[in-house]
Amino acid sequence: MQRYETKMLSDCDEDIAYAAQLLKNGEVVGIPTETVYGLAADAENESAVKKIFEAKGRPSDNPLIVHISDISMLDRLVSVVSPVALKCAERFWPGPLTIVMPKSDNIPYVTSGGLDTVGVRFPSHKTAQKIISACGKALAAPSANLSGSPSPTLAKHVLDDMNGRIPAIVDGGSCTVGVESTVISIENDVIRVLRPGMVSVDMLKDVCENVIVDEGVLEQLDITAKVRSPGMKYKHYSPKAQVYIIKGGTRDVVTYLEEHIHTQKDIAVDFCGELAGDHVRVLPYGSTAKEQAQNLFAVLRNCDDIGAERVFVRCPDKSGEGLAVYNRLLRAAAFRIIEV
Ligand code: TXA
Ligand code: MG
């Protein structure tokens with residue numbers, strides 16, 4: 001793999017023009033979005049897209065999401081837009097929703113992971129929109145982490161994972177949503193949620209009453225499984241530390257931690273300091289689903305930075321937008337749940 005001196009760019013017009021030029025030249029650039037940072041390349045340029053897979057160490061059958069900055073860009077990318085897809089696009093774009101649709105011939109199979117469909121998203125982050133527009137191309141962009149690691153919500157996280165592997169990162173500040181987009185497919189007017197996000201099941205039901213949540217959202221899938229969303233079967237979002245989900249009332253969880261935590265290398269992640277005890281190191285990740293989504297990945301990366309070996313994360317509420325937080329945490333914890 002080619003080595004680069006990775007430049008940190010700002011979101012000023014000059015730097016955006018520079019990033020757009022790199023993208024036009026077939027290079028990969030780290031870009032901010034409202035969900036998480038993405039590792040972008042021209043979605044129609046096979047050799048550029050291959051560089052994304054190399055930089056991330058991503059399995060080649062895991063498809064990439066293609067980002068647009070205007071709904072008119074959709075025509076080049078997909079062969080059909082169903083009425084339900086159009087309604088969802090009109091309601092939730094720009095925003096954290098990816099719609100899987102039949103791909104057009106302009107999308108190479110490298111981008112779609114060998115599938116005949118492509119996931120498209122119109123991000124609401126102004127800098128992302130400016131970069132796409134300046135480049136004039138739809139951009140394929142997975143989350144900008146090394147494959148398997150927590151997704152990056154700060155430019156610094158991208159640098160930590162991608163230093164030397166890509167020529168540039170555009171710093172657009174901290175991602176406000178914090179977990180990746182909701183991914184949906186549509187079959188016979190039924191919306192199937194392949195990955196939950198901050199566009200919740202209830203919000204989707206507002207547009208179309210038939211919404212189902214794919215079994216892969218809450219279950220552990222075998223690596224050989226034939227799944228609707230290939231990303232769901234791979235190890236995901238894991239820091240170096242072993243993560244456990246801890247489930248139970250505050251008093252019971254505190255008792256469990258006091259009995260089982262004996263070293264500074266064990267860390268508890270709670271909602272807002274409620275698990276703090278004499279011997280327990282605690283980091284909060286928020287009391288609402290929105291706060292938890294915004295903070296989860298940064299807190300997991302923080303645990304690694306301070307040398308944690310085991311991390312006990314308090315189980316979030318799974319309802320509504322909380323489903324997205326729980327889905328990421330389940331994978332970060334490799335489905336290890338302690339019930340007290
Ligand atoms: O918020 C996001 O979606 C971020 C930002 C950068 O936009 N991107 C992101 O991409 O999370 P990535 O590659 O880390 O996750 C894409 C997920 C994977 O689970 C993949 O399997 C699924 O979307 N996906 C993409 N295209 C698909 C398709 N055609 N059919 C089914 N699943 C698809
Ligand atoms: Mg990812």
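**Figure 1. The loop that holds Pro94 carries a cis peptide bond.** Pro94 sits in the loop between α4 (83-92) and β5 (97-102). The model shown here and in every other panel is predicted. Trp93 and Pro94 are joined by a cis peptide bond, with omega at about -5 degrees. Most peptide bonds are trans.

**Figure 2. Strand β5 pairs with β9 and with β6.** β5 runs parallel to strand β9 (residues 182-187), and 4 bridges join them. With strand β6 (residues 117-121), β5 pairs in the antiparallel sense, again over 4 bridges. In β9, Val100 stands opposite Ser185. In β6, the bridge partner of Val100 is Gly119. Strands of a sheet pair through backbone hydrogen bonds, either parallel or antiparallel.

**Figure 3. An open sheet of 11 strands has mixed pairing.** The strand order is β1-β8-β2-β3-β7-β4-β6-β5-β9-β10-β11. β1 (7-9) and β11 (211-213) stand at the edges. Each has a single partner strand, so one side of each lacks a neighbour in the sheet. Arg192 stands opposite Ile212 in β11.

Figure 4. Helix α1 (residues 13-24) packs against helix α6 (residues 126-135) at an angle of about 55 degrees. Their axes are 8 Å apart. Angles from 65 to 115 degrees count as roughly perpendicular and those under 35 as roughly parallel; α1 and α6 are therefore oblique to each other. The crossing of α1 past α6 is right-handed. From α1, the contact uses Asp13, Ile16, Ala20, Leu23 and Lys24. From α6, Thr127, Lys130, Ile131, Ala134 and Cys135 take part. By class, the residues of this contact divide into 6 nonpolar, 1 polar and 3 charged.

**Figure 5. An open sheet of 5 strands has parallel pairing.** The order is β14-β13-β15-β12-β16. β14 (281-284) and β16 (337-339) stand at the edges. Each pairs with a single strand, so one side of each is left without a neighbour in the sheet. From one strand to the next, the twist averages 30 degrees. Strand β12 (residues 242-247) pairs with strand β15 (residues 310-314) in the parallel sense over 5 bridges. Within this pair, Val313 in β15 is the bridge partner of Ile245. Helix α11 (residues 322-332) packs on the sheet and touches β12, β15 and β16. The direction of α11 makes about 130 degrees with that of β12.

**Figure 6. Helices α10 and α11 pack roughly parallel.** Helix α10 (residues 289-305) meets α11 at an angle of about 20 degrees, with their axes 8 Å apart. That angle makes α10 roughly parallel to α11. The crossing is left-handed. On the α10 side, Ala289, Gln292, Ala293, Leu296, Phe297 and Leu300 make the contact. The contact of α10 with α11 has 8 nonpolar, 2 polar and 1 charged residues.

**Figure 7. Helix α7 crosses α10 obliquely.** The axes of helix α7 (residues 155-162) and α10 come within 12 Å and cross at roughly 50 degrees. That makes α7 oblique to α10. This crossing is left-handed. Lys156, His157, Asp160 and Asp161 in α7 meet Ala298, Arg301 and Asp305 in α10. By class, the contact of α7 with α10 has 1 nonpolar, 1 polar and 5 charged residues.

**Figure 8. Ala334 has a positive phi.** Ala334 lies in the loop between α11 and β16. Its phi is about 45 degrees, although Ala334 is not a glycine. Most residues other than glycine have a negative phi.

**Figure 9. The whole chain gives the setting for the close-ups.** The protein chain has 11 helices and 16 strands. Its radius of gyration is 20 Å, close to the 20 Å that the globule rule gives for 340 residues, so the chain is as compact as a globular protein of that length. Along the principal axes, the C-alpha atoms fill a box of roughly 60 × 50 × 35 Å.

Note on methods:
Residues are numbered from 1 along each chain as its sequence is written. Chains are lettered from A and ligands numbered from 1 in the order in which they are written. This is a predicted model: local features need pLDDT of at least 70, side-chain atom pairs count only at pLDDT 80 or more; totals for chains, interfaces and linings use all residues. Side-chain values use heavy atoms; hydrogens and water are left out. Two strands pair if DSSP finds at least two bridges between them. Helices (H or I, at least four residues) and strands (E, at least two) are DSSP runs, numbered from the N terminus. Axes are lines fitted to C-alpha atoms, for helices over the stretch in contact, and angles run from 0 to 180 degrees between N-to-C directions. Contact means heavy atoms within 4.5 Å. Angles under 35 degrees count as roughly parallel, over 145 as roughly antiparallel, 65 to 115 as roughly perpendicular and the rest as oblique. A crossing is left-handed if the near helix is turned anticlockwise from the far one by less than a right angle, and right-handed if clockwise. Ala, Val, Leu, Ile, Met, Phe, Trp, Tyr, Cys and Pro count as nonpolar, Asp, Glu, Lys and Arg as charged, and the others, Gly among them, as polar. The radius of gyration is taken over C-alpha atoms; the globule rule is 2.2 Å times the number of residues to the power 0.38.
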